[in-house]
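I am opening my notebook on this structure.

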Amino acid sequence: MWRRLDQWLSNLGYCSRREARGWMDDERITINGQLADDPGERCASTALRVDDEPLDHPDGLLLLMNKPLGRVCSHEAREGPNVYDLLPARWRRRNPQVTTIGRLDKDTSGLLLLTDQSALVHRLTSPKHKVAKIYRATLNRDLPAGLGELFASGTLLLEDETTPCAPAELRVLGPREAELTLTEGRFHQVRRMFASQGCEVVTLDRVRFGHLELGDLALGTWRDLPLDTFST
Ligand code: URA
């Protein structure tokens, strides 16, 4: 894809379009090895270098983060510390903006995907595509008998909703601990499903998204994924 030089720089979060002129005057920008002097010059991302480095993820970003507790997935500053603050400042200035693929609550930890590819957000959050997400929950009381059958039945109707939850798989790990596999992502769904049966979720951690797992990724850190990770 070809774009104006100042557009590449501003869309990838280096500087504003107005500042691009100054970056060129400071001899920080080259096109095909030659110092650039026209912010309107069109070029491919591969031709452009900043401070003699290739552009940072010019084709898009897909990240897998281990979300820590206490951070929201909203961009609204008034909602408190967010997951975007954990990313490099340049990525936080990108346009299109980096957003989460679905959300985890402030009090939920675990596997969170972030991207600037809106098509990927739509595909992976649409219930139509039935991407499995696995949550590990601990509860404030013993799991009631028959919970697995109820969650699997596709008949559980949550408060204020008119369509029942899609069948979900419950794997019991202990008297107060279980893994729940969901293929949809309703608001606070795991907490509300357990709450509907009188159980409060005490801790919640997402351990899997589609075929992806966290591995040994430390809390609050992320790793880069290829953009075609979900293309098969
Ligand atoms: N379900 C919830 O209740 N909370 C989350 O963060 C994710 C799924």
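**Entry 1: a helix residue.** I begin with a term: helices (H or I, at least four residues) and strands (E, at least two) are DSSP runs, numbered from the N terminus. I note that the model is predicted, so local features need pLDDT of at least 70 and side-chain atom pairs count only at pLDDT 80 or more, while totals for chains, interfaces and linings use all residues. Residues are numbered from 1 along each chain as its sequence is written, and side-chain values use heavy atoms, with hydrogens and water left out.

I looked up Asn11 and found it in helix α1, residues 5–11. Is Asn11 buried or exposed? I use these cut-offs: buried means under 20% relative accessible area, exposed over 50%, and partly exposed in between (1.4 Å probe, protein chains only). Asn11 has 13% relative accessibility, so it counts as buried. I then checked Asn11 against Arg93, which is 82 residues apart from it along the chain. Their C-alpha atoms are separated by 7.8 Å.

**Entry 2: an open sheet.** I traced an open sheet of 4 strands. Its order is β3-β2-β5-β6, and the pairing is antiparallel. Which strands are at the edges? I found β3 (34–35) and β6 (53–54) there, each pairing on one side only. Two strands pair if DSSP finds at least two bridges between them. Strands β2 (residues 29–31) and β5 (residues 48–50) are joined by 3 bridges. I found Val50 of β5 opposite Ile29.

**Entry 3: strand β12.** I followed β12 (177–182) next. It has 6 residues, 5 of them buried, so the strand is largely enclosed by the rest of the structure. β12 pairs with β10 in the antiparallel sense over 6 bridges. On that side, Tyr135 stands opposite Leu180. β12 also runs antiparallel to β11 (residues 169–174), with 5 bridges. There, Leu170 has Leu180 as its bridge partner. A hairpin takes the chain from β11 to β12 through 2 residues.

**Entry 4: the largest nonpolar core.** My working term: a nonpolar core is a set of buried Ala, Val, Leu, Ile, Met, Phe, Trp, Tyr and Cys residues joined through side-chain atoms within 4.5 Å. The largest one has 32 residues. Which have the most contacts inside it? I listed Leu114, Phe151, Leu180, Met193 and Phe194. Among the elements that each supply at least two residues are β9 (108–115), α5 (147–153) and β12. Domain 2 (62–126 + 218–224) and domain 3 (132–209) each give this core at least three residues. The domain bounds come from an automatic or database domain assignment.

**Entry 5: two pockets.** A pocket is found on a 1 Å grid over the protein atoms alone: it is an open set of points where a 1.4 Å probe fits, with protein on both sides within 12 Å along at least five of seven lines, and lining residues have an atom within 4 Å of a point. Grid points are joined across faces, edges and corners, and a volume is the space filled by probe spheres set on the points.

The largest pocket holds about 540 Å³ of space. I found 27 residues in its lining, with Arg103, Leu104, Asp105, Gly185 and Arg186 nearest its centre. The lining has 11 nonpolar, 7 polar and 9 charged residues. Here Ala, Val, Leu, Ile, Met, Phe, Trp, Tyr, Cys and Pro count as nonpolar, Asp, Glu, Lys and Arg as charged, and the others, Gly among them, as polar. Why does this pocket lie between domain 2 and domain 3? It does so because both give residues to its lining.

The second largest pocket holds about 180 Å³. Of its 14 lining residues, Met1, Arg3, Pro58, Asp59 and Gly60 are the closest to its centre. Domain 1 (2–54) and domain 2 both contribute to this lining, so the pocket lies between them.

Entry 6: Most residues other than glycine have a negative phi, and most peptide bonds are trans. I found a cis bond between Asn95 and Pro96, with omega about 5 degrees. Pro96 is in the loop between α3 (89–92) and β8 (99–100). His57 has a positive phi, near 45 degrees, and is in the loop between β6 and β7. His188 has a positive phi of about 50 degrees, and lies in the loop between β12 and α6. His188 is partly exposed, at 30% relative accessible area.
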